[in-house]
Amino acid sequence: MRIDIITIFPDYFAPLDLSLIGKARRSGLIDVRLHDLRRWTYDRHHTVDDTPYGGGPGMVMKPEPWGEALDAVTGDADGATPRLVLPTPSGLPFTQQDAVRLAAEPWLVFACGRYEGIDARVAVDAARRMPVEELSIGDYVLNGGEAATLVMVEAVSRLLPGVLGNAESVAQDSFAPGMMDNLVEGPVYTKPAVWRGQEVPPVLLSGHHGAVDRWRRDEALRKTARNRPDLLDRLDPDTLDRRDREV
Ligand SMILES: N#Cc1c(-c2ccc3ccn(Cc4ccccn4)c3c2)n[nH]c1N
């Protein structure tokens, strides 16, 4: 997969050199290219923003640099067309299903806005030549699109074959479609068996795989009911056996 990121803070993406995604980049599994938006400005101050039409607080990102940046970044690939992702607080909620969908794309471009956002005409102009989607990672306000892009790039990249060592761990993720009925994961433990007076639940040391699976499902149900009761509403009643209802 090719991932292009256009931003005025390229250094924000240093974390993409680390850990499994950094390893995947070095192995060629993922081709991440960073672009400083100011490369497409021509004034002495490399201006990327201006006051909003209609007045109001803050500044808006100018359309010209974005138009030229997107032309340059998306124009050099032998006719291939990327999907443009625009992080914005007003976007559609980014979910695990979106991560799965985007992981199937060969080429993504992320446009990281700042200030009060990017001039709305940029998305309209881009949509004339590529699919564009506005996505939000949650109901809180950030200062720009870079943190959201890091989140989405990690959520997508980890799903690519070969990026995570243990394919199982992707399948057992919370929110993995169809896994554990969309329950969140329960508690996990490792050695030592006793730590600061706390014992690992004995069932996990029993070697009884059926009992371990049952215990993990009970704990996942318990944690989902406590932290994400909204997910329980999505459970297919037929998949809840009698004991589930007792948790
Ligand atoms: N995804 C996502 C986001 C963002 C986000 C994404 C891009 C930009 C570009 C500028 N700002 C600042 C800003 C503040 C206020 C109103 C508009 N814009 C962004 C914020 N905030 N929260 C999320 N879940």
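The side chains of Arg128 and Asp125 meet in a salt bridge, with N and O 3.5 Å apart. A salt bridge here is a side-chain nitrogen of Lys or Arg within 4 Å of a carboxyl oxygen of Asp or Glu. The model is predicted; local features need pLDDT of at least 70, side-chain atom pairs count only at pLDDT 80 or more, and totals for chains, interfaces and linings use all residues. Residues are numbered from 1 along each chain as its sequence is written, and side-chain values use heavy atoms, with hydrogens and water left out.

Arg128 is exposed, at 66% relative accessibility. Asp125 is partly exposed, at 27%. Buried means under 20% relative accessible area, exposed over 50%, and partly exposed in between (1.4 Å probe, protein chains only).

The whole structure holds 16 salt bridges. Side chains of opposite charge can pair when their charged atoms come close. Asp230 pairs with Arg228, the closest N and O atoms lying 2.7 Å apart. Both partners are partly exposed: Asp230 at 35% relative accessibility and Arg228 at 27%.

Arg83 forms a salt bridge with Glu105, at 3.4 Å between the closest N and O atoms. Arg83 lies in strand 5, and Glu105 in the loop between helix 3 (96–103) and strand 6 (107–111), so the pair ties together parts 22 residues apart in sequence. Helices (H or I, at least four residues) and strands (E, at least two) are DSSP runs, numbered from the N terminus. Glu105 is partly exposed, at 23% relative accessibility. Arg83 and Glu105 also belong to a network of salt bridges with Asp98, Arg101 and Glu133.

Around the ligand are 18 residues, of which Tyr115, Ser136, Gly138, Tyr140 and Leu142 come nearest. A residue counts as near if one of its heavy atoms lies within 4 Å. By class, this shell has nine nonpolar, seven polar and two charged residues. Strand 5 (83–93) and strand 7 (132–136) each supply at least two shell residues. Strand 5 gives the most, with three.

One is 2.6 Å from a polar backbone atom of Tyr140. For Ser136, a ligand nitrogen is 3.1 Å from an N or O atom in the side chain. For Thr88, the distance to a polar backbone atom is 3.4 Å. The protein covers 88% of the 510 Å² of accessible area that the ligand has on its own (Shrake-Rupley method, 1.4 Å probe).

The protein chain has a mean pLDDT (the predictor's confidence in each residue, from 0 to 100) of 92, and 88% of its residues reach 70 or more. The predictor gives the complex an ipTM of 0.99 and a pTM of 0.92.

Terms used:
Polar contact = N/O pair within 3.5 Å; in protein donor to acceptor, adjacent residues only side chain to side chain. Nonpolar A, V, L, I, M, F, W, Y, C, P; charged D, E, K, R; others polar.
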